[in-house]
Amino acid sequence: MKVVEYVRERAPFVLPLVGFFALLCSIPIVLLLTAVIWIPLLFFTVPILTPVLVILLLIPKTRAILREGYLKAYDWLLYRSEGPRRLLWEALYNLLLFLYPSAQWKTMNYGYAVLNSDGHLVGLRREDEEERFSIQLYHFLATSFNERKDLEGQTVIEVGSGRGGGLSFIRRYLNPKAAIGVDISRNQVRFCRETYSDIDRLQFVHGDSERLGEVPELKGVEADLVINVESSHCYGNFPRFVQGVDKLLKTGGRFAFADFREASQIEALRAELSAYNLRIVKEQDITANVLKSLNLDEERRRKLIRTHVHRLLQPFFIKFSGLSGSRINKAMEKGETVYIAFLLQKQ
């Protein structure tokens, strides 16, 4: 029974992995069955094609074309496709939690720093200090760009709550009446329920950001504030997500949103956010604040990666964390990618 439960809990990670290995195992069988076709072709073409391929790879322009093709395929799969993007990000977050379940890592955003020497925006308790800059992004958004003192008496929903550190901060520091986190990863929901079980009026539920109306726990809930932090770039159908947020909010309710986009996509993003009954109240380019955060937090993040991540996976985690040298970091420095925050209100 324990084995069955173990597999069921890890199904979002285990099943794709089983499918992947099944595909790998089928390759030798296919090769064997088609050997009559491909061996003669290989015999005659390798002596001709091999030198040609070697020469092409030695030409810098060819390597650049191949690299560009790889990056376009990568961007399409993770940031532009609909179905594949959702499935890949869900599998990735399940995998990350499966491999690194430490409660030391509770937030997953690039952070926000004030543009002064230490970057501090808000006073924090000792237990929250380590992830200060990621927490500060939540404070900035939840307080309507640092204008509100608290969320007393309000209902807050975070879509894409991840490991729950941001919503936990909102509940403990800003004192809303209720705080509900929705996430597509069942493993992350389970992690949050276990990690924050001692905090009252804080709830984590499983749900799809693009199908918020189908989340049972949200039926009949009217939110004063919906917050979405550095999560929407994983969504396959962004307009459907915005429509779901619109339906969750009560009239006069607020939608606080922050994420990165290519500079050329910002105008389209404004149009998508302003659809339905939502009106943009505030908009701020916080790229400089995010880069400042990543710079101030660089040493801590690299130390965590060196300490907890296998050497083979460290390059991916450095890229995932947006550290110096990563493509996203370079793109923000060049102005090719913009990290932008919006505050919207339902009419």
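Predicted model: local features only at pLDDT ≥ 70, side-chain atom pairs only at ≥ 80, totals over all residues.
To describe two packed helices, you give the angle between their axes and the distance between the axes. Here, the axes of helix α11 (residues 287–296) and helix α14 (residues 327–334) come within 10 Å and cross at roughly 140 degrees.

From α11, the residues making the contact are Thr287, Val290, Leu291 and Leu294, and from α14 they are Asn329, Met332 and Glu333.

Now look for the strands. Seven of them make an open sheet, with mixed pairing, and the order across it is β3-β2-β1-β4-β5-β7-β6. The edges belong to β3 (202–206) and β6 (278–285); each has a single partner strand, so one side of each has no neighbour in the sheet. Going from one strand to the next, the twist averages 20 degrees.

Let's zoom in on one pair. Strand β1 (residues 155–159) runs parallel to strand β4 (residues 223–229), and three bridges link them. Val156 has Leu225 as its bridge partner in β4. Helix α6 (residues 132–142) packs on the sheet, where it touches β1, β4, β5 (249–262), β6 and β7 (337–346). The direction of α6 makes about 145 degrees with that of β4.

## A strand with two partners

How many of the ten residues of β7 are buried? Nine are, so β7 is largely enclosed by the rest of the structure.

Within the sheet, β7 pairs on one side with β5, antiparallel, through nine bridges. In that pairing, Asp259 sits opposite Ile340 of β7. The pairing of β7 with β6 is antiparallel too, this time through seven bridges. There you can find Gln284 facing Ala341 of β7.

## Two loop residues

Ser161 lies in the loop between β1 and α7 (165–174). Is Ser161 buried or exposed? Its relative accessibility is 5%, and the cut-off for buried is under 20%, so Ser161 counts as buried. Setting aside neighbours within four places in sequence, Ser161 contacts Gly181, Val182, Asp183 and Phe204.

For another loop, go to Leu313, between α12 and α13. With a relative accessible area of 35%, Leu313 is partly exposed. If you again skip neighbours within four places in sequence, the contacts of Leu313 are Leu99 and Tyr100.

## Around helix α12

Which residues of helix α12 (residues 298–308) are buried? They are Glu298, Arg300, Arg301 and Ile305. What do the buried residues of α12 pack against? Their packing partners are α6, α11 and α13 (314–320).

Notes
Residues numbered from 1 in each chain as written. Heavy atoms only, no water. Pairing = 2+ DSSP bridges. Helix = DSSP H or I, 4+ residues; strand = E, 2+ residues; numbered from the N terminus. Axes fitted to C-alpha atoms, helices over the stretch in contact; angles between N-to-C directions. Contact = heavy atoms within 4.5 Å. Buried < 20%, exposed > 50% of the residue type's maximum accessible area, 1.4 Å probe, protein only.
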